[in-house]
Amino acid sequence: MASKLGLAGGMPERRVRPIWDAVDSRQFKTALKLSTALLAKYPNSPYALALKALILERIGRLDEALSVCLEAKELLYLSNLNMVPIDDLTLSTLQIVFQRLDRLDLATSCYEHACGKFPSNLELLMGLFNCYVREYSFVKQQQTAIKLYKIVAEERFLLWAICSIQLQVLCSSGGEKLLSLAEALLKKHIASHSLHEPEAVVMYISILEQQAKYDEALEIISGNLGSLIGIEVDKLRLQGRLLARACNYAAASEIYQKILESRPDDWGSFLNYLGCLLGTDFSWSTSTSSQLCSSDNVDFQGFESTNLSLEVFDSRIQNALSFVQKMQMEVHDGLARCPYLASIEIGRQCCLRGKADAMLLEALLNYFRRFGHLACFASDLDSLSLTLTHNEKTELLGRFVEISESSAHAPLKRMGQAITIFKLKELFGFMTMVPVEELEETSIKMVDMYCKNLALSSDLDPQENMHGEELLHMASSALVMLYWRTRYFGYLLEAILVLEFGLNIRKYVWQYKFSLVHLYSYVNALPLAYEWYGTLDIKNILFETVSHHIVPQLLVSPLCSETSALLKDYLKFMDDYLREAADLTFLAYRHRNYSKSLSLQPPVLAGPPLAPLLAAVYLQATLRSVAGFSGGPSYKLSRRSVSSTYMAVSKFQPGFLQAARCRDLLSQESSPANSSVSNHMNGDVRAATNYQEFTDSKFVRLANGFHFRIFAKGEANGFKYIQLSFMLYVPQVLDLKKVIHYSELHQGLYDYIADEKLSTYKAFVSNMYSLHILKSIHEEFIMEKSSIYDNIGVPFCPHDSTCEVDTEINIMLGMYNRPTLEEAECILEKLDFGMQLLELSSDKRLNSLTFNEDLQLRPWWSPSSHVNYLSEPFEGASVCSRENLFKHQACENDGLVRKVIARKSLVPRLIYLSIHSTSTSLKETFESNAPGEDAKSNEEFKFLLEKYASSVGLSFDDAVKLIYEISNGQRSLKDVDTELMVDFMNFAVFLNAWNLSHNHPLLLHQNGVNLISWNVVECLIKYCISELLMCAHPVLDNPGSSLPVLVQLITEPFSWHALVIQSCLRSMLPSGKKKKKSGPCDHHNLRHLAVVSKSIDCLASGIQEVHKWLEDQMNCSEDSRLDILSCQVKEMQKDRGPGSTLHILEEFASSSHAELGENISGSLQLWNSTDVLRKLLSSQSSLLLKFQDICAVKLKMLELMKLSF
């Protein structure tokens, strides 16, 4: 069975080696040629077929590669073993190809078949184990590892099985029995063979620790097996953790004291030492993964509390202080901070027990003298912000200022100490309490200090951090605080300009960029925020941890293509990680690094990672997207992927939210190099038609279009290029926000038109949106083209030049006459009609979610994605205190996000049921013999509506009553939180669809027959739009507008309502060219059509109001708007007010500074604040124009719907 010497897959190695050499050198054509020749000589060789499949996959011929692999698989199953051997080389090659084709199940089946034939072959069993690792099938991993262990009784195979058991414990219940099994297996092996690997000992201790068998684990460490752990400090850390978990705090403190004697700068060990010494009731981490991957994990919950008597506490604190002072005397390098920071922690513990704070103050002053210039000083004292009183903080800062002013340090250290003092003022909350004048003076000092010390960074590399770069960030933060307290927009603009100035000098400062992302988002310049976010070069796990800075804003904006690009990158990262993690896991198994094999599992296994707001809104975005439905891969929610909500929900929309912009496609087509004209060098003028599909091989077919080209021979320039193009968006590539209309005919007419006779046609085409006139457009174009040909003396044959065009038009008309409702239904079908996403609303799934967001990087004014202090009036220092910050972030990571996810996960299913219920209820009305077979769906509809109402804090009846009373004017829309307005509008739309068949008592007319739920939706549409527009401030010079809510209303509930309307029309109106015969249903048709027509008018009226409001926002010229902004940022009076900080920067930039070096001096010369303001205005206008385009598309869609009856 095994390959013989000099053979590869049953063939001579000399014939196979050239193929592999060609593959390794990426000469795939040569490799394919050699592979074909080899296959001709060995037609029944599975290995030859596997090689060819590998090459085909590398060159992108995936279908052929899969076909060849399946052929090889059949040969393996049917072959005579004497004629065609089965070896690991063939199977591993097939596995590579199957993995790349995302068909790991086929690779696994091949190995299972081979292991069935040869159950004692180690290579095949290890290959099978590898397959189960790739599939994350932990039970089968364990079973296969046990088989391997039984064959050869090697320790590594036993540990493979133990590690597989550990993974099962992490991902399922019943851990006690599994852990007992693992312990029994290890004990049996130790009795007969002992253990020989350090990782095996750590694994054994972990198994015992998870069962709370601490004494047994301590015996293992103290015995012969403990000697396998070669690093003494690691051994001590394990011992200290076990003693602490066994509540033997005295022995544990002695162990940690030993660690500190050898590692005096180990801060974690000092905290463990002090906690054990004081007998603090802290809880050690019980996570399986942490126990295996780290030797010392402790959660200091309750560290501030201790039950020791005062005498015992004083005695132990004195012992700790003596030990710390001894460490300080023994440390001579001046770099170790732990011994001095330990004195501060001891003093803090004394303060918590009500002891005198003199020791703490002295420790703080000593620490400032030694390390006050370091950037980490403020973060080292973070815990003190909640311990010291306001007077103590004031006194401490005063003493720090005295030390800084009296010291004779070098300029760099003096600046570092000054920066530390500024940071502590922020940390202690002084920025919200000092007078406005003092706060402004502070920002001026920071900027002035930055400019004066800029020369210290003149010799640094452009990619190195500058000295004092934190100053501009803090100055910008102070200016934002000034805006919040005074509401002078100029301060906010000044904060932006300060950060832009810093990035003009050093473009790699990520702190500046994050702040700009939030500031530009707040001032409605989201395209510019996205541009700066793109320069951060986010990759890998950062997609999980920092995407919350921009994606929540993008998902409620009209920037569909930008959102698509960002999420594509995230999906690529997750796809690559899930593909590569298994390879790295098996590599860890091979190298006997079992802790790595556990930590390399996808995070979803230990608790799914979640970017909270992203996951919640992606569920909604999925339904607003058609991408991923046409041309792209069909993703399904697997057991692994669904628990990672951020990844799983995103996978439904891989290329989504927006097709490539029409102008981008047209600009690509406008190049003469892309022309399909033939023989034009001979002077012949030909009309050519080119129908092109733009296809993204991995994601979606983006667009379809056709264009006409005319080349005319000129006297001087050779040829004049005349192009007329109009592109047709295919509904499959528009998001569901845009696809809810029959079609969009988008055109572009270039400036290459050489004859004025086309001007009339140009105006005509520029206003063309309906396919109903496509034929007449084409006929007029032919007439104009004939006239041009006559003028230049070229014969023109209409038949020859239009036959292909007619064919294309007929194809297009057939494509675009398909109702958009069918497209939406296809999307829902890909989502299993919303059932897959519905799983996320279960309590079990919601409670399993974990959060990877690094909220500490968010600016102070937006501690979470749901909170922005700048949108609310300033109400004192307590609003943005650290206590509130922690509260908001805890709320973000707890109930709030889970409620949003639960609500959003219901939407896809509710949309499907709305379409289905509307259609079936009307058919039952028209057809007297319609059966009541949809009772189950109707019950589900009611149940989901109840859950949706519950997610906004109301019962079903209370939610119905609320929207009914608002529609009747009995209650104001102001009773509903603006953030929940979209959700209540969604509820009203879905309720209307449900009410068509159930007739809620509140939603019936007084006559008990006519439904008024349509009226409820229409009234809510009017009230929502009027309320938002009435409260809306000018977008271009007033931040924090209601624009995101308007975008959500139009792209979500309004679109869902349009779907309901289309479902009604499809049920009521005749299909095809034949009309239904008149009958008893005509009266019902007329009644329902009148209601639907009124609803269409109401929807169009609401969108038209928004469209007009957007037009009014852009009436002013850019220069006049620029003048307004310039005046606001320069309201300085007597060196105070907005602009005083900017004035320092502009003066500094305009003067000559040879000492700054070439790079910095050159950057200063390029600085211009007017250019920044102009970019801001351009970004705002771009955002409004994109939203205006969406409104225009919706209006044309509603117009076509009105014309259909």
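**Figure 1. Asp105 and Arg103, a charged pair.** Asp105 is partly exposed, at a relative accessible area of 41%. Here, buried means under 20% relative accessible area, exposed over 50%, and partly exposed in between (1.4 Å probe, protein chains only). Arg103, with 30% relative accessible area, is also partly exposed. The side chains of Asp105 and Arg103 form a salt bridge, at 3.2 Å from N to O. A salt bridge is a side-chain nitrogen of Lys or Arg within 4 Å of a carboxyl oxygen of Asp or Glu. The model is predicted: local features need pLDDT of at least 70, side-chain atom pairs count only at pLDDT 80 or more, and totals for chains, interfaces and linings use all residues. Residues are numbered from 1 along each chain as its sequence is written, and side-chain values use heavy atoms, with hydrogens and water left out.

**Figure 2. Arg337 and Asp380, a salt bridge between distant parts of the chain.** The two side chains, Arg337 and Asp380, meet at 2.9 Å, N to O. Arg337 sits in the loop between helix 17 (310-330) and helix 18 (338-352), while Asp380 belongs to helix 20 (residues 377-380), 43 residues apart. Helices are DSSP runs of H or I with at least four residues, and strands are runs of E with at least two, numbered from the N terminus. Arg337 is partly exposed at 25% relative accessible area, whereas Asp380 is buried at 18%.

**Figure 3. Arg1174 and Glu1118, a salt bridge between two helices.** The side chains of Arg1174 and Glu1118 pair at 3.5 Å, N to O. Arg1174 is in helix 56 (residues 1169-1203) and Glu1118 in helix 53 (residues 1118-1128), so this pair ties together parts 56 residues apart in sequence. Arg1174 is partly exposed, at 32% relative accessibility, and Glu1118 is partly exposed at 31%. Elsewhere, salt bridges with shared partners join Glu183, Lys187, Lys213 and Glu216 into one network. The whole structure has 35 salt bridges.

**Figure 4. Helix 23 and its cover.** Helix 23 (residues 436-452) has 17 residues and should span 24 Å at 1.5 Å a residue; its end C-alpha atoms are 24 Å apart, which agrees. The expected span is 1.5 Å times one less than the number of residues. Buried residues of this helix include Leu439, Ile444, Met446, Tyr450 and Cys451. Among the elements covering the buried residues of helix 23 are helix 22 (411-427), helix 24 (470-486) and helix 54 (1140-1150).

**Figure 5. Tyr520 in the largest nonpolar core.** Tyr450, Phe501, Tyr520 and Phe987 touch the most other members of this core, which has 169 residues. A nonpolar core is a set of buried Ala, Val, Leu, Ile, Met, Phe, Trp, Tyr and Cys residues joined through side-chain atoms within 4.5 Å. Leaving out residues up to four places away in sequence, Tyr520 has contacts (heavy atoms within 4.5 Å) that include Ile496, Trp532, Val1172 and Leu1176.

**Figure 6. Two aspartates with positive phi.** Asp102, a residue other than glycine, has a phi near 60°. Its place is the loop between helix 5 (88-100) and helix 6 (104-117), and Asp102 is exposed at 66% relative accessible area. Asp537, also not a glycine, has a positive phi of about 55°. Asp537 lies in the loop between helix 27 (526-534) and helix 28 (542-546) and is partly exposed at 48%.
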